[in-house]
Amino acid sequence: MLILRYLFYVLIFPGALFTVLVGWLLAGLDRKVIARMQRRIGPPVLQPVYDFFKLVGKENIIPAQANRTAYKMAPFISFVSLSVIMLFIPIFGFTAVNGVADLIVILYLITIPGVALIVGGSSSGSPYGAVGISREMVTMMSYELPFVLALLAVAKKAGGDVLVFNLTDIGEWQVMNGCMAFHWSMIPAALAFLLVIPAEVGTQPFDVAEAETEICEGPLCEYSGAPLAVFKLSTHMKMCVMSALFTALFFGGIRTGYVVTDVILFLAICVLVTLVCITTVHAVTARLRIQHLFKFYWKYVSVLALISLALVWLGA
Amino acid sequence: MILGNYIVSVFLIVLGLWTLCTQKNLIKVVLGLGIIDYGVNLLIVSAGFNEGGTAPIYNLAELARREAVFFVDPVPQALTLTSIVIGACVDAMALSIVIMIKKRYGTVDADEVRRLRG
Amino acid sequence: MIQHFPVLSVMVLFFSAFLIEIVGKKEILRNVIAFLAVTASLVMLACLIPSVMIDGQVISYWMGGWAPESGYAIGIGYEVDSLSLLFALLGITAYWLSCVYSFGYMKGKQNLGHYYTLFLMLAGASVGFFLTGDIFNMFIMMEIVTFSAVALTAANTDKLTAIEGAFKYLVNCSIGSSMMLAGIALLYMNCHTLNLAQLSAILPGSFNSTTLLAFALILTGFCVESAMIPFHPSFVDAHTVAPSSVSMILSGMVLKLGVYGIIRLSYIIFRVIDTSAIQVMLTLIGTVTMFIGVTMALAQHDFKRLLAFHSVSQLGYIIAAAGLCTTLGLNASLYHAVNHTLFKGLLFLCAGAVIHSTGTSDLDSLGGLSKRMPKTCICFVIGAFSISGLPPFNGFVSKWMIYQAVYEKAMQTGNFFYVVVTVTALVVSVMTLASFVKVLHSVFFGQLRKEHEDVKEVSPIMLIPMGIMSFLCIFTGIFYREFDRVFINSAVTSAFDNIDYVDGMMGDGYSVTYGLAGLTGGNLEFSYWNPYVWLSLFLMVFAAAVLVTLIMGRTTGRTLESGEDYDSAYGTGDLSVDFRGQTHESGDPEEKYAVFFSGEKAEYSHAGGSDLFWGFKYNWHRYYEVLQGLHSGSVNDYSIYAVIMISMLCIFMYIFMR
C-alpha cells in the first residue's frame, strides 16, 4: 500500500504528471501573455502540448561524433530530477515526502537539470554545444550566489537560534507568523529570488546559453525528435518547480484546509509568479552578454539578497 | 649558559629561514634547511640539559646506593641523534635532487627552476 | 593476539619493503610480495574493527614491553582508538587500490624494485603515523612519508619537471617538520614526556607561553602536511608531476596525515578546540583554502594540476568543518575526509588511465575520449559528480552535513562569520562542478582528435581499482546512514571523549588524577534521507530507462550503431578529412549525421579546456592576475609564504590564547 502511495506521489501527484501539466500550462500562458503584451494574438495556450507531441513524432538524429549513451540519457535525467524535486516542495499544507524537504537538498537537486543539459550539449560534439555549455555553466555560477543568500536568509528568519532547513518547518513558521513575503526584511530576498528564476529557467534576457540567434540554441543544437521534446518539456517543468519553490518559501503560510483548494490557490500564485518574473521581464528586455550576466547577478542581485540576510541577522 | 643555547638555536632557525627566503641558489637553499635542523637540534639538546648533572649511565649498584639522582635527561639526546640522522638524509636527498635539476634544467637558480607555476 | 595487530600491520609493510629491495629484479615475485604485504596489513586492520569501532575499546601496545613506570610513559607505545583506526583503514585501502593499479600503470618502467620499496615504506609510514601513540614517532613517520613521497615523485621519468616538483615538496615539508620538531622539543621541556596519552592528560588546562608556542609550531607542521593555505603551492606541483598511482596516494592519502594531526592535536592533546578563537582560526584557514583552491583550479589547463588544486579545496572543507567543534561538524569533516580519499583517488586513477593511453594530460590537446575509453569515462563521471556533490553520490552527503553544521554553528553563536563560511562553501561547490564540467568536456566529450583515433581502453588490472572506488563512492553515498554509524560516529565519540584514550594507555584511573572531562559538542542530530525517497528515486530512474528504450529504440531515421564504423556503414567517405558533404557526392546520407556547422565547411572544432569559462574569468581577471602571480613557482617565494604563516600563527596564539 505504501509503495502504491509513493508510486502515486512520484508518477502522478505531485511528481511527474502534475509537474508536466502545470509546466505546460505556465509555458502556454507565458507565450500567450507575452504575445498580448507585444500586440500579437499569439498561439493557443495548449501550444506547448502540441509542440511536444509534434517533436516526439519527428525523426531522431544522433550525430556520428556524439557519445550516444550520454546524449540519449541526458534529457531523461533532467526530466527525472525535476519530477523528484516536486516531491520535496510542500504545497501549502501538503507535502508528499516529509522530513527530507531540505533547502540544501533542493539546491543541489535543482542543479541536476542544468548538469544534464551540459552533459547533453557536451556529448553532442558540436562546437555550438561547447559554447552553449560554457555559458550555461557560467550562468549557474552566477545565480548560485544570490540563490544561496536568499535561501539562507529564509532559513535564518524561520529558525531564529536553531537550524531550520526543512521546508515543511518553514511553512509551519509562516502559518504562525504570516508569510515570508509580508515581512519587510524579506522583501529584498524575495526580489532576488524572483530575479534568479528566469536565469534558472533560461528565458530572456538570461537565455545566453540557448541564444537561438547566435549559437543556434547552444547545447540543444544537435538535438532533434523525442530527446529535444523532453528537453523542452523540462524547461517548462523548471518553470513549475521554481515558481512552486518561490511560493513555498515566501507564500507558504496559506492554509485553506482542503488539498484541492490549496492546490488551486497554489497554482494561481505560481501563475502570477511566472507572469511577473518570466513573462514581463522577457517582454521588456533584450538578451545580456555572458560577462554582463555574471556581473549583474554577483553585483546587484546578490546585494539585494545580502541586504535581506544582514537585516535578518540584525534581528529585523 | 643555557639561555645562550636558546638564543643561538632561535638565531640558527631564523638564519635558516632567511636563507630559504632570500637565496636564489638551490644549494644554498639546501644549506638553509640544514641550518634550521641544527638550530632545532640545539634546542632539543638544551631542553634536556641539567646544570651540573652527570651522564645518565649507572650500574645497578650505584642505582641501589641512590647516587643516580641528578643527571642529564637522556631522552632528548636520543631524539637529537635521530633528528641528526634524518637531517643528514634530507640534505643528501635534496642535494642529489639539485644535481638532477642541474642536469635537466642546466641551472640551479631558483628563478629559472619554475616551470610549474600558475 | 589482537593487540599485536597494529604494530604487525606496520611491520609487515616495512619488512616487505626491504624484502623487495633484495628480490627487486624478478617482476612477478616483487608484485606478489607487495600485494601480499598490503593485503595482510589491510586484513589485520580490518580485524580490529569489531573491538575498536563497535565495542569502543582502545588497544594499546608498548614496544618491548616498556609499560609506564610510576605514571610516566618511558617506552614507545602504539595506541589505536576509533579515530586512528578510521584513518589507518582509509589509508591502507587507498594503498591497496593504488598497489593493484600500479601493477598495470607502472608496467615496463625502469627500476620498479625501488618503486615498490618506496611505495611500501610510504604505506608503512602513513599507517604507523595514524596508529602511533608517541609524538616523536609521529614526526619520524612524517619524515619517512616525505622521503618516500619525494623519491617517488622525483623518479617519474615521464615528466621532465618531476624533479622540480619533488624539490619544492621536500623544502616545504622540511620547513613543516622542522617546526614540528621544535614544537616537540618545547613540549618535552614542559611535560617531560612524549606520549600522546600522557600529554593529553597533562596539557589541557595548564597552558603557559611555552606550550602555546609549541602548539603553534606543531599546528604549523600539520598545516603544512595538509596543504593549507599558504603551504599548498608546492604540494600542487608535486601532485602534478608524480606518477598517477602515487599522485592518488599523495593527494588522497598523505594530505590526511595533516588532517588527522590537526584533529588529534586540537581535540585530544591540547583540547583547545573549545575556545572560540581556535575555532574561528581553523575555520578561517579552511575557508580561505577552499576558495583559493577552487578558483585556481578553474584556471588550470593540466588535468592533474587541476585535480591537485581541487584536493587543496576539499581539504579546506575538511579543516573548516573540523574547526567547528560540534559533533555534527566533526562527523561531517571525517565523512568528507573518507569521501575525499575515495573520489579524489578515483579521479587521479582516471587521469592516470588517460595519460597511460594518450601520453598527455594537457586539457587542450585531448578530447572525445569517451568513445575510445568508455569505462574510464563512466568512472570519471562518477568521481566528478561525487566531488561536485551531486546527489546521490557520496560528496553530497558530507557536504550537506558540512553546510548544516556550519549554519547551525552560526545560529548558535550568532557569529556572522559562519554565515560567510556557509555561503563560500556553497559557492565553492558550484565552482567545483564548473571545473569538472570543463574536464569532462575537454577530455571525454567533444570531438576526438586525429592523433587519438587508435587509443585503447586501459587494461583490466587498472580498471579494477577504478571500479572498486566508483562502487565505494556510490555505496557511501546511498548507505551512508549505516556507514556513518559504524565508522564515523565512533571516531567522533573518541575525539570528543579522551578519557578512554588516556586510561587505555596509562592505566585505569589515570585521567581522574588530572581531572579530565570530555568535551561537549552537542548531540548528533541531522535529518537523514527517508529510505522511501530512494525507493521513489529508483523507480523514477527505472521509468526513465524504460522511456529511453521505448522512445529511442524506435528511431525513424537511421543512426550509426555503437559498434558500427562510419565507413563500413556507408561505404564511402574519408573520416579523417571531415564529416560534411565536401568530400562526398551530394545527396550522401551521412550529411545528416555530421554535427551542425551552420553551412560552413566542417573542420576539427573542439572547444579547448583552458578558456571554457571566459565569461567568468573576464569578471575576475584582476583576481586571477594577482593570484597566478603569487603562485610564482619559485621556491623562495613559497618559503616566504611559509614564514609569514608561521609567524602569523604564533602571534595569533599569543594575542588570543593568553
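How many residues does the contact take from chain C and from chain B? It takes 35 from chain C and 35 from chain B, where two residues are in contact if their C-beta atoms, placed from the backbone, lie within 7 Å. This is a predicted model, in which local features need pLDDT of at least 70 and side-chain atom pairs count only at pLDDT 80 or more, while totals for chains, interfaces and linings use all residues. Residues are numbered from 1 along each chain as its sequence is written, and chains are lettered from A and ligands numbered from 1 in the order in which they are written.

On the side of chain C that touches chain B, H6 (135-154), H7 (162-191), H10 (232-241) and H26 (635-656) of chain C each supply at least two residues. H7(C) gives the most, with 14 residues. That side of chain C divides into 20 nonpolar, 12 polar and 3 charged residues. Here Ala, Val, Leu, Ile, Met, Phe, Trp, Tyr, Cys and Pro count as nonpolar, Asp, Glu, Lys and Arg as charged, and the others, Gly among them, as polar.

Now turn to chain C itself. It has 26 helices and 2 strands, both taken as DSSP runs numbered from the N terminus: helices are H or I with at least four residues, strands E with at least two. Of its 658 residues, 61% count as buried, meaning that 20 or more other C-beta atoms lie within 10 Å of a residue's own, with C-beta atoms placed from the backbone.

Within chain C, H1 (residues 5-23) packs on H5 (residues 112-131) at about 165 degrees, with axes 8 Å apart. This pair is also roughly antiparallel. Among the residues that meet are C:Leu13 and C:Phe14 in H1(C), and C:Leu120 and C:Gly124 in H5(C). The contact divides into 12 nonpolar, 6 polar and 1 charged.

H16(C) is mostly covered, with 18 of its 20 residues buried. Just after H16(C), C:Gly414 takes a positive phi of about 70 degrees.

Notes
Buried ≥ 20, exposed ≤ 12 C-beta atoms within 10 Å, placed from the backbone. Axes fitted to C-alpha atoms, helices over the stretch in contact; angles between N-to-C directions. Parallel < 35°, antiparallel > 145°, perpendicular 65-115°, else oblique.
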